[in-house]
Every structure is written in C-alpha cells, then in structure tokens.
Amino acid sequence: MAALCRGRHRWKKTNCLYVPTRNLTGKYDYDLVVIGGGSGGLACSKEAAQFGQKVAVLDYVDPTVKGKIKIWGLGGTCVNVGCIPKKLIHQAALFGTALKDAKKYGWQISEPVCHDWATMMEGVQNHVRSLNWGHRVQLQDKKVKYLNFKGSLVDEHTVKGLTKAGKEIPGAVEHGITSDDMFWLKKSPGKTLVVGASYVALECAGFLTGIGLDTTVMVRSIALRGFDQQMAGLVTDYMETYGTKFAWKCVPKRVDKLSSGALQVTWTDTQTGGEHQDTYDSVLWAVGRAPETKALGLDKLGVKLNQETGKIVLATDESTSVPNIYALGDIGEGRPELTPTAIKAGKLLARRLAGQSAELMNYDNVPTTVFTPLEYGCVGLSEEEAEKRHGKDNIEVYHAFYKPLEFTVAERDASQCYIKVVCKRFGDQTILGLHFTGPNAGEVMQGFAMGFQCGATYSHLSQTVGIHPTCAEEVVKVNITKHSGLDATVTGC
C-alpha cells in the first residue's frame, strides 16, 4: 500500500507514501518520499532512483495487538506476514501429505511421524529476515534513503515522520490472534478456530490442518467472496475431506479465557438461531485488513476516500482527487490486493512521473492463486461475472474433471480437481476466464495468463500441444461444454 505526493516528481503511495519536502531555501529535500516499505513502495522508490530522482522511504509498523510482532522489517505484508511465510508453511503441510503418499510409492517410513512447529518457524523467520536485509541493501545500493519513521502528510509537498513512539466482539482483542501473529508464533497454536473465509483464512486453516492440528473455519456467509463460487465450493469440499472442519452460517458472539487457559468461543448459528460453544487453544481472526489511511493525514488535504472501505479513490493513472498526489497498492479502491500488481504499478508510476513512459497499469486479467491444500489458480472473469457482463446465453463454459497422475498410485481422491474455461459463445470464442484446481496451480496459471494479454481464444487453446503427462495439458484438452450436459470426467491418459 502506498501513497505518493508529487512536486517536481514527488509522489505519494498507499502503504507507501512519496512526498517531497521543502527546506527553508524553498528547495525540496527529496524528489520523492515514500511512506510504506511494502512491495509497491519499494518497487516505485528503486525505479525512481534509477532515473536520477532523490528518494527517501519511510517505513514503520505498529506492533500487533498481541505483541507477537514487535518490529517488521522492510518488505511489507507480503514479505513479513503474507505471501512468503504463507507459501513456506503451505509447503510444510504439503510435505505431510507427501509422506502419506510416499508409503504407497514404496517408501518405508517409521511411525509415528510428527511435525515440530518451532523448527519450521525458525527456518521461515530466518528466510524472512534475509529478505528484510536484502531490501535494505538494495535501497542502499540505489542510494535511496531509508528512515524507520511513521510518515504522514502535512501538505502536498511535506511529509512528517515520527519515531517509534467497527463492532467489537467481547474477548476478540484480548484472546485472539491475527494472521500477522500466526506467522511469528514461537509455539504451535494447537487446536485453532479460524474466523473468516477469505483466501487468507482458508490458506491458514489448510496449512494448520496439514501439519496435524485440529482446525475449524467459521464462515458467516460464503467462502472466497469475489472468486468463482463453483471453484470456491470445490476448494472447501476438498478441505473438508482433508480434515478441516467448517461451521457454516455461524457468527462468533464472545471469547472467554477459562482458568485452564483454553479459549471458550460462543457463536450463533444464523440459520437456526441456536447458540453453541467449544474450546480452542487459539482463535485466529482472518476477516480482512483495513487500509491505513486515517493516519496519513489525507483528510487535511481533501483526498477523496471511499467512505465504506476507507480506501483512496483513484483514476487510471493512480492519481487522487488532489492534484500532485498519487496512490497505489492495496490502499487504492478497486485495486487487486496482490504483490505483483503493486510492484508493476509502482514501477510504471515511477516511469511516468520521471517522464520516461506514458504506459498505464492494466488491472484486467491479473492471475492469482489461493494456496489451499488443493490449490486454486485463476485469471480473468468468474463464471458469475461473465454471465453478468455478457449474459448467460452468450457465454460458453468448457470444463473437465481430471485426475492428476500423482494421485493414482497414492489412491488420493481427485473429485475436486477441475478445470473451467469461460469463453464468449459466438464468434472467435475469446477466453474470458480460466480456472484450475489441482497441484501447482500457480505454476500452471502463470503460463496461461500470458495468453490473456494476447487475446487468447478457445481455438488458440485447442490448437496448443500439451506437455505429457502433466496437469496443465488437461487445460488445452478441454472440449466438453456445460451447455452439452455431457459428462466432463476425463478418461484415459
């Protein structure tokens, strides 16, 4: 998230703020000041420095409520409490499944096999710290000034830096943790209740289950809001067979700490109105992140915000309602909350402000992957959104249920391994959306995502020769449509 303020190429970036400051002689101390050392802010600052701009980065994060994280290093959410630690712990969970599969493949493994949380977290945290240090070195090499200050805007050309200095559920703050805390726990969280059904919630619940912990997900409404809901259902169905429990249509009411140290959670089933209780070792709140816009001083400058979300309203060039102030990353209204988009947008903004390019960030057809036990990768429109934009009768959905070769000897259930290609029904059948659940979904989707930038059609897809034997080849082989009503299960190899 970065907020940028420009004055002779001064910027402001959400979660990352670039604002030029002026000294008593009337000159600016910096061409660009970045508030927030996350992915977008760092990318923007380094790119600007390459064009000869004098740049400073202000980055400071308050400790979490539970105090598990006292100081973040450079890199923002992705490096410290997001993509990086999440993917590494997801990998640890996949090893647990691989150990079970290995027996079917002839490996003799002594029982019992157990997981050591402390060993895993030491490795994960050491890697995160190495990335923190790497970012500092990169800033130094590019002559970008790093300041461990909390920044805010005084006016459109001045930044102030300070040194370290909704409805609430009873017991939530005192006894709960967030995903920020989860990635820095020294001890296993034990039996865990995950409140929320976002991709972060499901990813956390998935890897906790995978390393052998009793895990329940409490879902107020639907899982993976904003994603294709058929695919979301496959993800949660697989998780249930994997061992994750779900409390559907339930809302937490209170959390009490018992004398034993256990956390007693009381919740309401919204369908029956009944009240229920259970005890857990940890309660993980994964109900979304709020943008840090209040502390930036945007109200004083008149920067327009979405009053419901608190995010900054932006034009296509990342500009705000106030001339000279720009924002990018998670803090921008309607922007994908994804590291690669923030990095790309940050670099492009730096180039435009330096007069090196006029290229705008293309936020359409951004690929992403949910790293649940059965991974889900997608690019483009969901089936629901395609119907909304083009009409149900004007789209064609090619689909297939397939079985990864790796699952066969291991005798693993592949009921939720599925591919869906959403196309325009007539004409050249332009592909509108591509969805895939299965092993290595991110690796599969990254390659196909490029086709969307080239206007890929179903004909292009069907003319592509697959690599055998892979899961990805099943994408280019899809030929059964939903309209046909035929069985979409792949048979043979």
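**View 1. The salt bridge between Lys 420 and Asp 228.** In this predicted model, the side chains of Lys 420 and Asp 228 form a salt bridge with 2.9 Å from N to O. A salt bridge here is a side-chain nitrogen of Lys or Arg within 4 Å of a carboxyl oxygen of Asp or Glu. Side chains of opposite charge can pair when their charged atoms come close. Between domain 2 and domain 3 the count is one salt bridge. By class, the side of domain 2 that touches domain 3 has six nonpolar, two polar and two charged residues. For these classes, Ala, Val, Leu, Ile, Met, Phe, Trp, Tyr, Cys and Pro are nonpolar, Asp, Glu, Lys and Arg are charged, and the others, Gly among them, are polar.

View 2. The domain assignment, automatic or from a database, places domain 2 at 177-285 and domain 3 at 374-484. Their centres, taken over C-alpha atoms, are 30 Å apart. In contact (heavy atoms within 4.5 Å) are 10 residues of domain 2 and 16 residues of domain 3. The buried area between the two domains is about 1,200 Å², with 63% from carbon and sulfur atoms. Asp 228, Met 231 and Tyr 238 supply 50% of the area that domain 2 buries against domain 3, more than any other three residues. Buried area is the accessible area (1.4 Å probe) that two parts lose on being put together, summed over both.

**View 3. The salt bridge between Glu 111 and Lys 103.** The closest N and O atoms of this pair are 2.1 Å apart. Glu 111 is exposed, at 51% relative accessible area, and Lys 103 is partly exposed, at 40%. Buried means under 20% relative accessible area, exposed over 50%, and partly exposed in between (1.4 Å probe, protein chains only).

**View 4. The salt bridge between Glu 337 and Lys 311.** These two side chains meet at 2.3 Å, N to O. The whole structure has 18 salt bridges.

**Notes on the model.** The average pLDDT, the predictor's confidence in each residue from 0 to 100, is 91, and 92% of the residues score at least 70. Residues are numbered from 1 along each chain as its sequence is written, and side-chain values use heavy atoms, without hydrogens and water. Local features need pLDDT of at least 70 and side-chain atom pairs 80 or more, while totals for chains, interfaces and linings use all residues.
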